[in-house]
Amino acid sequence: MTAPSRVLVIGSGPILIGQAAEFDYAGVQACLALREEGIETVLVNSNPATVMTDPDVGGTVIICPLTIEHVTRVIEEHRPDALLPTLGGQTGLNLAVALDDAGILERFGVRVLGTPLTAVRAAEDRGGFRDLVIGIGEPVPESAVVESLDDGMRFVEVLNAPIVVRPAYTLGGGGGGFAHTAGEARERIVAGLAASPIGQVLVERSLLGWYEIEFEVLRDANDTTIAICGIENLDPMGVHTGDSIVVAPIQTLPDPLVQRLRRCALKIVRALKLEGGCNVQLAVAPDGSDYRVIEVNPRVSRSSALASKATGYPIARIAALIALGKRLHEMPNPATGGNSAAFEPAVDYVVVKLPRWPFDKFPTADRSLGVQMKATGEAMAIDREFGSALLKAIRSLEPRGRGWLWEDPAWQLGHRRPHDLESFLAPTDTRLWRMIGLLRHGRTGAPAISAVTGIAPWFTDRLAELVEAESRVVGAPLLDAKRIGFGDADIAALSGVPPVAIRRARVRAGIGPAYRRVDTCAGEFPAETPYFYSSYAEAEVRAPAERQSVIVVGSGPIRIGQGIEFDYCSVRAAWAIREMGLDAVVINNNPETVSTDYDACTRLYFEPLDTESVLDVIDHERALTGTPPAVVLTFGGQTAIDLAKDLAYADVPIAGLTAEAIEITEDRERFAGLLDELGLEGPRGSLASDADSLRASIGALGGLPVIVRPSWVIGGRGIAVLRTPLDLASYLTTTEIGWPLRVDALVAGIELDVDVISDGTDWCVPGILEQVDPPGVHSGDSVGVLPPQHLSRPMQERAAEAAGRIALALGVRGILNVQMIASDERVVVIEANPRASRTVPIVAKAVGLDVVAAAVRCALGATLASVGLAAGLAEDGGEVAVKVPVGSLWRLPGVSSELGPEMRSTGEVLGLATSASAAHALAREAAATHGG
C-alpha cells in the first residue's frame, strides 16, 4: 500500500458522558505517530480543551462543527488523500460513514485507512453483526433487529422473556435498556429507535446476571491478530462497563475458558477484517458452562485506553501505524524497543478501575446503574494483588470522606440487617461500600452477597478478606497493614491518631513503597518504559536519574467542574519542563488521558493523588536524583491545590506558589481582606458560620438575592444563588453545606475570567474571556467570548491591572485565574484561583500562545521577557473565539437543567471567526451536533 501524504483525522468533539478523554488520548497518539512517519495531518474537532487541537499535535487544526457540510469543506480545501476514522469515538465513526454514504470520499479521492467502512457497517449494524457471528459458529443471544415498534413488540411476545434493547450506532449505552414487562419493552424500543441515527435497534434476550468479559484486540492487514488485554467486569451484565468496577487481567475464570473466549474474540475480528484496534464484549454464564457474543466496537474505545494503561501497550499508536499498512511483526516492541509488536502483553500485577460518578454534585439524581452510562470519569490503580489495588483505587477517587471505611449512617448496619437485601444491594454508586458494610458488621456473608448481586464469589471472598484484615490492623505490625494495601489515613482512623502520625512511624521504621515498572512482559525481558506503580513488595533495581526533576501533580479522574482542560495543562507543563532540559515527572491515576501516557513525560507514576502517595513519590525522586524535586501544583485543578497545606507542613517547596498564598485565595474571608489592602473592590458581604448567622448576613445586606460561597471548592460545588425565602430554606435542608460560608450581595454586570501570568515582578494578561450569561451562572456553563465584545479597552485594562496586582501581592510566579464583574465603571473582584483554570486552553487557542509553557517557565524562575511576553494586557488578535458549553444531563434523570452557580456541563465547543456573530453561530452549530 502506498503511504498517504496527508491524512484527515476526525476528533470526537466535546467531553460527554460515554465519550470522554479516552478519545483525546487516542487521537493524540495517532496524530503524533503519523507525523513521526512524515505524514501531514489535518485534524477536525470542535473541542478546545484538548491537547489534540494544538497545532504541534494535530498539525493543520480546523476547529469547526463536526458535520458533513463542514468536514466536506475541509476536504475540499485541504485535499487529504486519506481518512483515519476509528480514533474519534462514535462521533468520528458515524461521520466517516455519513461522508462515504454521501459520496464525498469518492468524489475527492479520499481513501479510508485501517478498518474498511464495510467492516464498520458490519460491526455497527446489529443485524449484520449477529448474522456474521452466527456464520462463524459463535453463539449470540436470541434476538431480532427491528426498525419499528410493532416488529419489536411481536418479537417480545414470541420470546416471552426479559429483553435488552441495543440501538445501532450509539455510544455509552445511549437509548438502550432492560425490560422485564411488555410496558417496559415498549418504552425501551421507542427510546432506542429515537436514539439510533439509522432508526434500528437490536432486541435480544436479557443475559442479566451473566459475567461480562472484554478483550482488546489488534489486527493488521496480514491477518496477524493479537489480544492485548482481557478485562473482567466485577459487576455482571446489566451495568454498563463504563459504570462497572473493572479488573485486569481476568481473575475469576479458569484459563481454558479464558483461552476459549480469547479465540472467539480473535475469530470475530478476523471475520470482520478489521485493521487496527477493536473491543469485543462477551457474556459468560456464572457456572462457566456457556457464553454469548454481545457486541464489537470497531474502533478504539474507553476500554482501549484502559487496556493501554493496564499493560503499557500503546494500542491507539499501533492502530494508527497499522492503518498506514505497517505489519505488527515489522514494528518494534513499544516497551523494550526490540523483538516486535506482534506479541500479547504479560502482566505480573492486578489493575482495578473504579468509575467516578457526578452524584456528589447532584444528590437528587437517580443513582441506579444500568445499561446507560452515568459516570463522568474513572480512576485506575495498579498493585500486586486485587485487594491492595482496590484499596488504592478507592483512594484515587478522591472520596472526600468516602474511603474504604465510609458508611452512610442511614444504612444503620451497626444495628440491623436490611430487611430487603436485594433492594439494598441493587446496582448504585454506593453498592461497593454497602457490601463492605454488610461484611464488616457481620450482617451477611460473601456467598449471600454473590447470590443477590450476581458478582462472582471470588470477588466477594476478596472483599471479606479485606474486611477481616481491617479488624486486625490495630496492634498489628505497620508493615503488614501496608502490604495488605491500607492507606495511612485508614490506618490512622482505625488507630485513633492523625494520618501524619502514621507517616512519621513509617519513616522512622524505614517503611516505604517500592516502585515497579509496567513493562508489558512481566519482567521477562529488559525494558525501559518510564512507567511505575508503588507496591510494598520487592523493588526493582534502577540506575539513579541524572537530571533535576520537576513533579507535575495531575488532576485525577474527570468530573464535572474538573475536566480534560486540566489534563491539557498537565501535559503542556510536562512538555515545557522537558524542553527546559529537566526531567518531567507526572503523578496521576486517570487511564483515559494523555498525561498518563508514559511518552508524555520523563517518568510516570500511576498513583492516588493524596498526601501519602505524593509525598512517597517526592521522597523516591529525591533518592533518585540526589536533590529535592520542584513540585508544580498549579496545573492539576483543585485536586493538586488541596495538597498544598500538607506538602508545606512536610517542608516541600511548591514551584511559583506558597501555601500561604493558596490559603489567602481559597479562604473567602482572607481574600476579602487582601482586596481591602490593595484598594480593590469586592462584593459586599460577610462570613456566616451557621444558619442563624447566614440569615443575619442576608439581613445586613438588605435581604435577598445573595450568593453564598464555601471555601476550597471547584466547579461551583456548594455555591448557590438564593433569590427567595424558599431558596434559602431549600439550601439549608437539602445541601451539604461547607461552613463557614461567604455571603455576598449578587452583583449585576458582565462577568470576566482573567488569566494572568506573573514572574513575581511583572505580569501579563494574554486574554480576557467575557461571559455572556449573567453573574450567578457558573462560568463553565456560560457562553464565553474572547476578546470581550461589550467592554471598552480601558475597562479591560483596569480588569487586567487588578488581576496583576493580586498576583504580585500574593507572590505568585506562574499563573493565576481571577474572576470579576464589570459593573458600569466598576471592577468588582469575585475570587482568585491560584492555579490554571478551564479557560487556559481556550485562551491558548484564541491568541496562539502556549500559555502553560510560559507559566511553568515563570514558576521555575524565568522572567516574562525571557519567555517572550510583554507586560500588561496583550493586544487583541485577528479572530473572535466563542465557547459554548455542552452537557450530558439527559443521562442523569432527576437532575435539573436550570443554570446556576453549580456547574453542570461536561464539555465545551469553540467557534473561531473574524466576527463575534459568526463565531457564535459556529459554536452553537457545533454544540447542537452533540445535543448542546
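This section describes the sheet, the nonpolar cores, the aromatic contacts and selected backbone features of a predicted model.

An open sheet of seven strands, paired in the antiparallel sense, has the order S14-S13-S10-S11-S12-S15-S16. Its edges are formed by S14 and by strand S16 (377–383), each of which pairs on one side only. From one strand to the next, the twist averages 25 degrees. Helix H13 (residues 386–396) packs on this sheet and touches strand S12 (246–248), strand S15 (350–356) and S16. The direction of H13 makes about 145 degrees with that of S16.

Strand S13 (residues 276–284) is mostly covered, with nine of its nine residues buried. S13 pairs with strand S10 (residues 211–219) over nine bridges in the antiparallel sense. Within that pairing, Gln-281 of S13 is the bridge partner of Glu-214. S13 is also joined to strand S14 (residues 291–297), here by six bridges, and these two strands run antiparallel. Across this pairing, Asn-279 stands opposite Asn-297 in S14, and Val-280 stands opposite Val-296 in S14. In a regular strand, side chains alternate between the two faces of the sheet. The hairpin of S13 and S14 has six residues between the strands. Gly-288 in this hairpin takes a positive phi near 75 degrees.

The largest nonpolar core contains 97 residues. The residues with the most contacts inside this core are Leu-84, Leu-218, Tyr-313, Ile-382 and Phe-635. Apart from it lies another core, of 73 residues, which includes Val-258, Leu-354, Leu-397 and Trp-404. With residues up to four places away in sequence left out, Ile-382 touches Tyr-349, Val-350, Val-351, Ala-389, Lys-392, Val-518, Tyr-531, Tyr-533, Ser-534 and Phe-606.

The whole structure holds 13 aromatic pairs. One of them is formed by Trp-458 and Phe-459, with 5.3 Å centre to centre and 85 degrees between the planes, an edge-to-face arrangement. Trp-458 counts as partly exposed, because its relative accessibility is 27%. Phe-459, at 1% relative accessibility, counts as buried. The ring centres of Tyr-531 and Phe-606 are 5.9 Å apart and the planes are at 45 degrees, so this pair is tilted. Because Tyr-531 lies in strand S18 and Phe-606 in strand S21 (residues 603–606), the pair ties together parts that are 75 residues apart in sequence. Tyr-531 counts as buried at 1% relative accessibility, and Phe-606 is buried with a relative accessible area of 0%. Both Tyr-531 and Phe-606 are also among the residues touched by Ile-382.

Trp-406, Trp-411, Phe-424 and Trp-433 form one aromatic cluster. The charged end of Arg-402 sits over the ring of Trp-433, at 5.5 Å from the ring centre. Trp-458 likewise has a charged residue over its face, Arg-462, at 4.8 Å from the ring centre.

Several loops contain backbone features of note. The peptide bond from Leu-704 to Pro-705 is cis, with omega near 5 degrees. Pro-705 is found in the loop between helix H27 (691–700) and strand S24 (706–710). A cis peptide bond also links Leu-786 to Pro-787, where omega is near -5 degrees. Pro-787 is placed in the loop between strand S29 (784–786) and helix H29 (793–810).

Positive phi values also occur at residues other than glycine. Asn-160 has a phi near 55 degrees and lies in the loop between helix H8 (149–159) and strand S7 (163–167). The relative accessible area of Asn-160 is 67%, so this residue is exposed, given that exposed denotes over 50%. Thr-520 has a positive phi of about 70 degrees and is located in the loop between strand S17 (514–517) and strand S18 (531–535). In contrast to the exposed Asn-160, Thr-520 counts as buried, because its relative accessibility is 1%.

Note on methods:
Residues are numbered from 1 along each chain as its sequence is written. This is a predicted model: local features need pLDDT of at least 70, side-chain atom pairs count only at pLDDT 80 or more; totals for chains, interfaces and linings use all residues. Side-chain values use heavy atoms; hydrogens and water are left out. A nonpolar core is a set of buried Ala, Val, Leu, Ile, Met, Phe, Trp, Tyr and Cys residues joined through side-chain atoms within 4.5 Å. Buried means under 20% relative accessible area, exposed over 50%, partly exposed in between (1.4 Å probe, protein chains only). Contact means heavy atoms within 4.5 Å. Helices (H or I, at least four residues) and strands (E, at least two) are DSSP runs, numbered from the N terminus. Two strands pair if DSSP finds at least two bridges between them. Axes are lines fitted to C-alpha atoms, for helices over the stretch in contact, and angles run from 0 to 180 degrees between N-to-C directions. Rings of Phe, Tyr and Trp (its six-membered ring) pair if their centres lie within 6.5 Å; planes under 30 degrees apart count as stacked, over 60 as edge-to-face and the rest as tilted. A charge sits over a ring if NZ of Lys or CZ of Arg is within 6 Å of the ring centre and within 35 degrees of the ring normal.
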